[in-house]
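Q: Could you walk me through this structure, one feature at a time?
A: Gladly; have the sequence and the structure open beside you.

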Amino acid sequence: MASSAQDLGPVLDKDGVRLTVDDAIATVTLTNPAKRNAQSPALWRALTEAGRLLPGSVRVVVLRGEGKSFSAGLDRQAFTPEGFDGEPSFVDLARGDDATLDATIAEYQEAFTWWRRSDIVSVAAVQGHAIGAGFQLALACDLRVVADDVQFAMRETSLGLVPDLTGTHPLVGLVGYARALEICATGRFVTAEEAVSTGLANLAVPAGELDGAVRDLAAALLAAPRDAVIETKALLRGAQDRTYEEQRVAERAAQGRRLRDLAGLGE
């Protein structure tokens, strides 16, 4: 009998992030429900580390949050003059030079970029509040399954800031420019019904059925051959940056690779 993730223990468990691996499925869990999984630079570094620690056997990565909320966004301690222990405060960053500020934000963004790697499919299981950085973390994943109590909101603009954790590109791609602008500029809540109807979420289910729905989706994703999923994901991810004719060429090239591999003629 194969060992379960519980038998193996967590691959990573630090700073509000736990990574467990069960064969082809990895689960990244935000583990600070008392603070509604509020985010900090330490948490972002742990998320980045989780991506680096994924074994090659992993095909699906599930992202979830413990408790009633997926993530209520950036920990408000970041806005205090003291900031977080051992971290530059927002005030310190603002006083620094442009290169340092840019490098710091780029480091934070690394926690949000690896979820769309071509060799995995990432699924966010989202319940309760997913606000600001929480919304952007859900947007970092390929797919989103939401509980019927979900409330997405992009509150950065309301605070005089902009969303800078890679969420703007996928948001526009999913719901279009006009709706994305309205969501960000107003900071309003997006409910489960709207999330599904606009393409922001793939599926909405009662909160008690969220874990089961994600398990079913993960099983369905694993049913297809891995290389075909990787090629298809790369095709779809690049489609928005290609012309129709360029996409036709990319399809032919990808299919050629698949046919050669299936015939045992691959490199």
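**Reading the features**

A: Let's start with a helix. The buried residues of α9 are Leu210, Ala213, Val214 and Ala218. Keep in mind as we go that this is a predicted model.

Q: How do the buried residues of α9 fall when seen down the axis of the helix?
A: They fall within an arc of 135 degrees, so the buried residues of α9 line one face of the helix.

Q: Which exposed residues does the face of α9 turned away from its buried side carry?
A: That face carries Arg215, Asp216, Ala220 and Ala223.

Q: And what do the buried residues of α9 pack against?
A: They pack against strands: β3 (25-30), β4 (60-65), β5 (121-126), β7 (143-147) and β10 (203-205).

Q: How many residues does helix α9 have, and what distance does it reach from its first C-alpha to its last?
A: Helix α9 spans residues 210-223, which makes 14 residues. From first C-alpha to last it reaches 20 Å, close to the 20 Å expected at 1.5 Å a residue.

Q: Let's turn to cysteines. How many disulfides are there?
A: First the general idea: a disulfide is a covalent bond between the sulfur atoms of two cysteines. To count one here, the two sulfur atoms must lie within 2.5 Å. By this rule the count is 0 disulfides.

Q: Are Cys141 and Cys184 buried or exposed?
A: Cys141 counts as buried, at 0% relative accessibility. Cys184 is buried as well, with a relative accessible area of 12%.

Q: Next, charged pairs. How many salt bridges does the structure hold?
A: The idea is to look for a side-chain nitrogen of Lys or Arg within 4 Å of a carboxyl oxygen of Asp or Glu. The structure holds 14 salt bridges. One of them joins the side chains of Glu49 and Lys14, at 3.1 Å from N to O.

Q: Where do Glu49 and Lys14 lie?
A: Glu49 lies in helix α2 (residues 41-52) and Lys14 in strand β1 (residues 12-14), so the pair ties together parts that are 35 residues apart in sequence. Glu49 is partly exposed at 28% relative accessibility, and Lys14 is partly exposed at 35%.

Q: Which residue forms a salt bridge with Arg45?
A: Its partner is Glu107, with the closest N and O atoms 3.8 Å apart. This pair links distant parts of the chain, since Glu107 sits in helix α4 (residues 98-113) and Arg45 in helix α2, 62 residues apart. Glu107 is partly exposed at 35% relative accessibility, and Arg45 is partly exposed at 38%.

Q: What about Arg258: which helix is it found in, and which residue does it form a salt bridge with?
A: Arg258 is found in helix α11 (residues 244-262). Its salt bridge is with Asp261, the closest N and O atoms being 3.0 Å apart. Arg258 is buried, at 13% relative accessibility, whereas Asp261 is partly exposed, at 40%.

Methods:
Residues numbered from 1 in each chain as written. Predicted model: local features only at pLDDT ≥ 70, side-chain atom pairs only at ≥ 80, totals over all residues. Heavy atoms only, no water. Buried < 20%, exposed > 50% of the residue type's maximum accessible area, 1.4 Å probe, protein only. Helix = DSSP H or I, 4+ residues; strand = E, 2+ residues; numbered from the N terminus. Expected span 1.5 Å × (residues − 1). Arc of directions from axis to C-beta. Contact = heavy atoms within 4.5 Å.
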